[in-house]
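My notebook is open, and I'm jotting down what I look up, one spot at a time.

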Amino acid sequence: MRLSRRALLAATTAATAFSSAPPASAAERHRPLRTGFERLAADGYALLEGRRVGIVTNPTGITRDARHIVDVMHADDRVNLIAVFGPEHGFRGTAQAGGSEGRYDDPATGLPVYDTYLKSGRPLADIFTASGVDTVVFDIQDVGARFYTYIWTLYDCMEAAQLAGKRFVVLDRPNPVTGRAAQGPVLHKEFATFVGRQPISQAHGMTVAELARLFNGEFLTAPVDLETVLMTGWKRSEFYDTSGLPWVPPSPNMPTPDTALVYSGTCLFEGTNLSEGRGTTRPFELLGAEGVDGRWAAAVGELALPGVHFREAYFAPTFSKFQGKTIGGVQIHVHDRAAYDPVRTGIALLVTAKRVWSGFAWRSDNWIDKLTGSTQVRTAIDAGAGPDEVVAGWREELAAFRATRREYLLYR
């Protein structure tokens, strides 16, 4: 980490983080949660006054009464909203995993929608320039996992905004699985992809505004002109259902906050030949393959992992792996989410699946290494390591990341 640069940026980063969102008063702290957008709107959009605004968002960018913020801002004369930028799955959310909506004019507002998916650096900066904006706003609901691509859309857009000389504003929303702790392995830079650009932990335990500050202070080659509009009324220990906000699936296979709770661990099954539950009504909670039987649920159940039970399950995915075939596996039932460790649970499921099912295999492209951020998890499991041994392999790197992370946290 670049300590000298961190010190240089400390005053600037802190100032920009709070310039549009002063620390909450005693009265505000006892009000219901207010998102960054709610605070921006309540202030009459003063932060955007006189600006040509573009917004990076998707279907999760909504108000408390479920209106999309693009529709709200477009109808308000106080905001000069001239462009929308869509991430993976698209601005209106019509594309499946690994897809986007492309360039089009939004039928509801007439605004031009530009595609950011898999674009970065100078090509993305050129899109910002061509759009005519001078301020780029980001408002997307994250789910707390390093391999969920929206946080890397945030990173890429910050980098591109800096290259294009644009101001960047992040509107904060809750981490739905709390911001209590960072968990899991830390990415090694040689494994950087769009499911992990920079060395953060697998479950980062941060909000998007906190991540934006971290990216600006630690990873961007040159810092962007960053401002963040913080939430009030959110505590790091709170899960999404305490927020009072409607849940909109951030992507097609993230239907509920329960999905988000397990995702940072069970998404690892994308790196195997087992189904991660895509094509079912409980993606990432149902896992399985042809030939798997009740021995798996029994084996992982014997580990007595905190906060979770495992049920022998049979299901037939409607798409993705094993489409139309009835397969066996497990369903994850979290009964104490405060005690539950999704990453350790995901590792335990991998270890036991490999032990009880002779057909277990990693994806041939070693995608598991991209998801975990190095070869450590795969090679340890292949060598016969148990869950605790695998977890111990990233302990020192996680401790170092936690120390850096603490400097960028904005909420208690």
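This is a predicted model: local features need pLDDT of at least 70, side-chain atom pairs count only at pLDDT 80 or more; totals for chains, interfaces and linings use all residues.

**Entry 1: Ser243.** I started with the side chain of Ser243, where a polar atom sits 2.7 Å from the backbone oxygen of Tyr240. I call that a polar contact, meaning a pair of N or O atoms within 3.5 Å; within protein, one must be able to donate a hydrogen and the other to accept it, and residues adjacent in sequence count only if both atoms are side-chain atoms. The side chain of Ser243 also reaches the backbone nitrogen of Leu245, at 3.1 Å.

Residues are numbered from 1 along each chain as its sequence is written, and side-chain values use heavy atoms, with hydrogens and water left out.

Where is Ser243? I found Ser243 in the loop between strand 9 (225-229) and helix 8. Helices (H or I, at least four residues) and strands (E, at least two) are DSSP runs, numbered from the N terminus. Ser243 has 5% relative accessibility, so I filed it as buried. Buried means under 20% relative accessible area, exposed over 50%, partly exposed in between (1.4 Å probe, protein chains only). Skipping neighbours within four places in sequence, Ser243 is in contact with Leu33, Arg64 and Pro174; contact means heavy atoms within 4.5 Å.

**Entry 2: helix 8.** Next I followed the chain to helix 8 (residues 257-266). Why is helix 8 largely enclosed by the rest of the structure? Because 8 of its 10 residues are buried. Among them I noted Leu261, Val262 and Tyr263. The buried residues of helix 8 pack against strand 8 (201-203), strand 10 (286-289), strand 12 (327-334) and helix 10 (342-356). At the N-terminal end, Thr256 caps helix 8, with a side-chain oxygen 3.2 Å from the backbone nitrogen of Asp258.

**Entry 3: cysteines.** How many disulfides does the structure hold? I got 0, taking a disulfide as a pair of cysteine sulfur atoms within 2.5 Å. I checked two cysteines for burial anyway: Cys157 is buried at 0% relative accessibility, and Cys267 is buried at 1%.

**Entry 4: Asp369.** Last stop was Asp369, in helix 11 (residues 367-372). Buried or exposed? Asp369 is buried, with a relative accessible area of 3%. Not counting residues up to four places away in sequence, Asp369 touches Phe191, Ser374, Thr375 and Arg378. I also looked at Thr379: Asp369 and Thr379 are 10 residues apart in sequence and 9.5 Å apart in space, C-alpha to C-alpha.
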